[in-house]
Amino acid sequence: MILALVVLVPVLGAASAALVKTSALRRAALILAAAVHAVLTGRMWFVRPEPIFHGWLGLDDLGLLFLSVTSGLFLCAAVYAVGYLGRESAATHSDFEENIFFANAPEAVFIGGLLMFLATMSLVTISQNLGILWVAVEATTLASAPLIYFHRHHRSLEATWKYLLICSVGIALALLGNFFLVAAASNGHSESTSLVLSDLIRQGSKMNMPWLKAAFLFFLVGYGTKMGLAPLHTWLPDAHSESPSVVSALLSGALLNCAFLAILRAQQICNAAGLGSFGRDLLVLFGLLSIGWAGIFILQQLDYKRLLAYSSVEHMGILALGVGLGGAGAFGSMLHAVNHSLTKGLLFLVAGNILAAYQTKEVTNVRGVLRVLPISGVLWIAGFLAITAMPPFGTFLSELTIVKAMLDQGRFVVAVLFLALLSLIFIGMSRTVLAMAQGRPADKLTPVTETWSAVATPILLAVAVLALGVYLPEGLTTVLRAAARELGGQ
Amino acid sequence: MTNSVDTIMVLLVLTNLVLLGSSRMATCIRVVAIQGIALGVLPLLFAADVLEIHLWVLALIIITMKGFVFPGLLSRTLRELNVIREVEPFIGYGISMFAGPLALGLCFWISSGWPLPAEISSSLVVPVALFTTMTGLFLIVSRKKALTQVLGYLVLENGIYSFGVALARRQPVVVELGILLDVFVAVFVMGLAIFHINREFDHIDTDRLSSLRS
């Protein structure tokens, strides 16, 4: 029953956050639930919990990897959120883009939503039954919608509506994929077919191929909408730019991974059925398309939170591309998922600090971050170097592994395209980010003393992604290799 | 049982056509409710053994949710709003009505080429489920009012669900309930969002929600 605790603890936390009256207790509940969740997850690296509910919930290496990323990032975000809520506690706020006043959602709703978000994402990572997986992914959408509408003004409402509708429709299509999978698995015989992953994998090539192909397509389009693969990503920049930065960090670093995991489950079944290359080719196609599409929008981006959002589209493309290549690419992709989550968490949290100091999301109005916010400024540049995969950050190592897989397989066209797009994105981002960091700030801005809650967790994330570039711990490599093997790579 | 399954399939087609052609939102909500009740009966018709108790419980829950709770939630939202009908959709009612039968024909043509799993007794199920799914998607993209889009989402869900009943009769009940619960919360949250949109903007036209770009 240890496994069920990763879902139950945040749910209990959410319930207590809704019940207690003072905001101090509520914030304590958030930190406590996040910490207990992280400890439970950490323990699973040493003692792997038994599957429960007839094997419907279980933890394989893929699940463990994504659960750990989610849990770690959430703990960082929770610490940051406490400081953030302290700053946001005024009754009304004046909007800096238009001349309007708005209120925030009640703190109980926000903290409750955050914890339910954690619970549903944890459920995604431990689901072995594809039906439960679907339920969990849709639940993540519903739990996170109130978080995007934290600032109650019309722009965040617009973003919330697009998020809700586009993702719900996308995920509904994934449900169709589920049913097609049942049709593929039953393949003419009438005995009951289960949607448990291991049963489906065991069936292998006995499945009905046309139905299985159709199922994979619907999974890819359905969960791909949630993951932000171009051209299905349209909700993503709006939701990321309008939600509070701490929520953007979680959406980008944890939620997109969870949707990716759902696609990986479909790929596992395809591999077992001998359709591995069909799925992988599609992943390569969507991966390159996402990187290219994001690159175009990054080049001309004037809003730095949208810039980061498009960068997430790019990196989701890289993840899909890595798994699509197979072989060493799968290992690189898994490592990159970890690196991207850490880096994007760092960047969004720092973006939150910049937003709080400058009161604008326009790139052209932000100058001299290094002078106004000395610590955040350095972190902003470090995050930029990490996200564009400069050595010695971990992202360099993971993208290098993916490029190496391309060259080993002789896919030179893919490699050239990939490297060209990455350099394009590097140029686009460097222009924006460096201009923001350097220069002379407007006269009214004086250097701000930064609070520890605003910079401690970004520093931690930056150190982590730097450390992963220098040294890969033995335990992590083992799990990454096992996860890549589950995907048919090495 | 094939006859009664066919009857329900025809009912689904008719309700879809009504949805494509009517502008009054109250009517649309009622039609979606009828569709939901019809779908709730389906698991009973497909079952080998009609006396299984969990089948009846499931049917009862589906009918309550799809036939009464979802439409009830939407009607309550509608009462809060100052809109009665969807005027000037992106694609007019005439063209929508014309597109309906065309799409139906297309669905029959597509599904005629698919290898049918053995458990589907009626040849109408796959094309009609496909048609309902397409109708739902069409309503979402062709209508402007947020409420009509939620109705479209429900129709889409109904279409997918009718696939599910036909293909995956032996899905565990827990999964079915989980799916229903998710859709319930989705409709609830979307209803709330519409309420906020109406208060913030004084309208629920999603084409005018356009301040976020590129």
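Modeller: Let me start with a rule we will need: two residues are in contact if their C-beta atoms, placed from the backbone, lie within 7 Å. Bear in mind too that this is a predicted model.

Colleague: Thanks! With that rule, which residues of α3(B) and α6(B) meet?

Modeller: On the α3(B) side they are Phe70(B), Leu74(B), Thr77(B) and Leu78(B), and their partners in α6(B) are Leu147(B), Val150(B) and Leu154(B). Six residues of this contact are nonpolar, one is polar and none is charged.

Colleague: And how do you know how α3(B) and α6(B) are oriented, parallel or antiparallel?

Modeller: Two packed helices are described by the angle and the distance between their axes. Helix α3 (residues 53–80) and helix α6 (residues 146–167) of chain B have axes that come within 11 Å and cross at roughly 175°. An angle over 145 degrees counts as roughly antiparallel, so α3(B) is roughly antiparallel to α6(B).

Colleague: What makes Ile354(A) count as buried or exposed?

Modeller: The cut-off for buried is 20 or more other C-beta atoms within 10 Å. Ile354(A) has 23, so Ile354(A) is buried. This residue sits in helix α13 (residues 328–358) of chain A. Beyond residues up to four places away in sequence, Ile354(A) touches Val366(A), Val369(A), Leu373(A), Ser376(A) and Trp380(A).

Colleague: How do you know whether chain B agrees with a compact globule?

Modeller: For 214 residues, the rule puts the radius of gyration of a compact globule near 17 Å; chain B has 18 Å, so the two agree. Along the principal axes, the C-alpha atoms of chain B fill a box of roughly 50 × 35 × 35 Å. Of its 214 residues, 45% count as buried. Chain B has seven helices and zero strands.

Colleague: Which residues touch the most other members of the largest nonpolar core?

Modeller: Leu30(A), Ala77(A), Leu115(A), Val137(A) and Leu250(A) do, in a core of 250 residues. Helix α6 (residues 154–186) of chain A gives the most to this core, with 22 residues.

Definitions and conventions:
Residues are numbered from 1 along each chain as its sequence is written. Chains are lettered from A and ligands numbered from 1 in the order in which they are written. This is a predicted model: local features need pLDDT of at least 70, side-chain atom pairs count only at pLDDT 80 or more; totals for chains, interfaces and linings use all residues. Axes are lines fitted to C-alpha atoms, for helices over the stretch in contact, and angles run from 0 to 180 degrees between N-to-C directions. Helices (H or I, at least four residues) and strands (E, at least two) are DSSP runs, numbered from the N terminus. Angles under 35 degrees count as roughly parallel, over 145 as roughly antiparallel, 65 to 115 as roughly perpendicular and the rest as oblique. Ala, Val, Leu, Ile, Met, Phe, Trp, Tyr, Cys and Pro count as nonpolar, Asp, Glu, Lys and Arg as charged, and the others, Gly among them, as polar. A residue is buried if 20 or more other C-beta atoms lie within 10 Å of its own, exposed if 12 or fewer, and partly exposed in between; C-beta atoms are placed from the backbone. A nonpolar core is a set of buried Ala, Val, Leu, Ile, Met, Phe, Trp, Tyr and Cys residues joined through C-beta atoms within 7 Å. The radius of gyration is taken over C-alpha atoms; the globule rule is 2.2 Å times the number of residues to the power 0.38.
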